[in-house]
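Me: I am new to this protein. Can you show me how to read its features one at a time?

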Amino acid sequence: MMAPLVAVLWSSLLALLLHASYLGGVVSAFSDDRSDNLAAYWGQDSGGHQQRLSFYCDDDTIDVFPLAFLYIFRGTGGLPVIDFSNICGIGSGRTFAGTDLTDCSFLASDIRDCQAKGKIVTLSLGGATSQVGFSSDAQAEQFGQLLWDMFLGGNGNIRPLGNVALDGVDLDIEKGTSAHYAAMVNKIRSLAKGASKRYYITAAPQCPFPDVYIGGALNSAFFDAVYVQFYNNYCETSVPSEFNFDTWDRWARTQSPNRHIKVYMGAPGSPKAAGNGYVDALTLSRTVKDAKARYSSFGGVMLWDADAAYTNNRYDRAIKNALTGGTQPPGRPGSSSSTKQADPAGATASSLPDITLPTLPPDFKDPRMTARVKRPSFTLDILKTRPHGRPD
């Protein structure tokens, strides 16, 4: 009598799983052993129309969100400084007493929404306008403890993103010295041992090998993935003769302490998201498919950034389709994305809420053109004095 009941229950469970898979609830979840993950940085408003984090989690396109950036390691009061541009930037909200650390705890609900959909959310350290670095292993280990207590699995009194544990940290180190980062990584690894959830540590090196700032740490500490910036450099995807994914694949398989580390192909999400190196979706899709078939370390694609890609005719969706070999649905049925992403051609800036942008002098060069920069505050004084972004 029990066998038919078990069969019915199993059949029902299988149907539910298949239905969830169709909606993106299972298959689309991030897994570090897959080769079709899409990571997209969020926080720097690269396209000028950045929405809250939860907006980009509404469909199954992006799997990994590094939040950019924690860009000052030791600010006023000895605490770090975070900046998420128009959503929670410097001067946009309440700071913790005696510091320049902004309280962005309202983003906790966005982070939970993303994590509930099988995506991971990490905190990116650095950026092109950062103030970072360590003078000793001891200082680096102390900073690792601070990150754990503030943003990861610790129970610190100060939680800038609220009472939610991020899924790890990302190192986008483009300033300062290269020393002691391995000590910080190792400290976080030791704190995460025995934790109830998996914590990921990634890095975003430039494509010239080895990376000047993080290359040493990559050779001596355990990283889960590298989001290699194949743009703003000679070895970018737009120059096939110099494109060096093979170098990074060889390093991953033969030198990295983690021989299963994943290498992501980093690309700008729109022509204005980087100084150079952008290629159209069809061109990048062909490169992605070739690399996925050719290199065992290939883990997916990284885009700078979610805002730029979304407003560029859903460039992110086109690249995700290239990774998965299929067509991503416009949104989860019943979710808010079902209507705002219904256009099969993809959303553009005109489909997003109106945001009034300032009129700039014709000769003004936006520092965001070099990517990896903190969005400037457009005032007349800053327009006259702010230095241009560095040509990575």
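Reply: Start with what counts as a helix or a strand. Helices are DSSP runs of at least four residues, strands are runs of at least two, and both are numbered from the N terminus. This is a predicted model. Now take Arg 198: this residue sits in the loop between H6 and strand E6 (200–203).

Me: Is Arg 198 buried, exposed or partly exposed, and what is its relative accessible area?

Reply: Buried means under 20% relative accessible area, and exposed means over 50%. Arg 198 has 39%, so it is partly exposed.

Me: Which residues does Arg 198 touch, not counting those up to four places away in sequence?

Reply: Asp 32, Asp 167 and Asp 224. Arg 198 and Gly 168 are 30 residues apart along the chain, and their C-alpha atoms are separated by 8.4 Å.

Me: What about the protein overall? How many helices and strands does it have?

Reply: It has 13 helices and nine strands. There are 392 residues, and 53% of them count as buried.

Me: What share of the contacts with a separation of 6 or more comes from residues 24 or more positions apart?

Reply: The share is 72%.

Me: Now helix packing. At what angle do helix H5 and helix H6 pack?

Reply: Read the angle together with the axis distance. H5 covers residues 137–151 and H6 covers residues 181–192. They pack at about 45°, with their axes 7 Å apart. H5 and H6 are therefore oblique to each other. Their crossing is right-handed.

Me: Which residues make that contact?

Reply: From H5, they are Asp 137, Ala 140, Glu 141, Phe 143, Gly 144, Gln 145, Leu 147 and Trp 148. From H6, they are Ala 183, Met 184, Lys 187, Ile 188, Leu 191 and Ala 192. Sorted by class, the contact has nine nonpolar, two polar and three charged residues.

Me: Why is helix H11 described as largely enclosed by the rest of the structure?

Reply: Count its buried residues. H11 spans residues 315–324, and eight of its ten residues are buried, so the rest of the structure largely encloses it. The buried ones are Tyr 315, Asp 316, Arg 317, Ile 319, Lys 320, Asn 321, Ala 322 and Leu 323.

Me: What covers the buried residues of H11?

Reply: The cover includes three strands: E1 (37–40), E8 (262–268) and E9 (298–304). It also includes helices H9 (281–294) and H10 (306–311). After H11 comes Gly 325, with a positive phi near 75°.

Me: Is Ala 318 buried or partly exposed?

Reply: Use the cut-off again. Ala 318 lies in helix H11. At 28% relative accessibility, Ala 318 counts as partly exposed. Leaving out residues up to four places away in sequence, Ala 318 touches Ala 281 and Ser 285.

Me: Next, the backbone. Where are the cis peptide bonds that join Ala 68 and Phe 69, and Trp 304 and Asp 305?

Reply: Between Ala 68 and Phe 69, omega is about 0°. Phe 69 is in strand E2 (residues 64–72). From Trp 304 to Asp 305, omega is near -10°. Asp 305 is in the loop between E9 and H10.

Me: What surrounds Asp 305, and is it buried or exposed?

Reply: Asp 305 counts as buried, at 0% relative accessibility. Beyond four places in sequence, Asp 305 touches Tyr 41, Gln 44, Asp 45, Ser 46, Gly 47 and Gly 269.

Me: Asp 45 is in that list. What is the phi of Asp 45?

Reply: Asp 45 is not a glycine, yet its phi is positive, about 55°. Asp 45 is in the loop between E1 and helix H2 (53–56). With 1% relative accessibility, Asp 45 counts as buried.

Me: And where is Ser 85 found?

Reply: Ser 85 is in helix H3 (residues 85–88). Its phi is positive too, near 55°, and Ser 85 is a residue other than glycine. Ser 85 has a relative accessible area of 11% and is buried.

Note on methods: Residues numbered from 1 in each chain as written. Predicted model: local features only at pLDDT ≥ 70, side-chain atom pairs only at ≥ 80, totals over all residues. Heavy atoms only, no water. Buried < 20%, exposed > 50% of the residue type's maximum accessible area, 1.4 Å probe, protein only. Contact = heavy atoms within 4.5 Å. Axes fitted to C-alpha atoms, helices over the stretch in contact; angles between N-to-C directions. Parallel < 35°, antiparallel > 145°, perpendicular 65-115°, else oblique. Left-handed = near helix turned anticlockwise from the far one by under 90°. Nonpolar A, V, L, I, M, F, W, Y, C, P; charged D, E, K, R; others polar.
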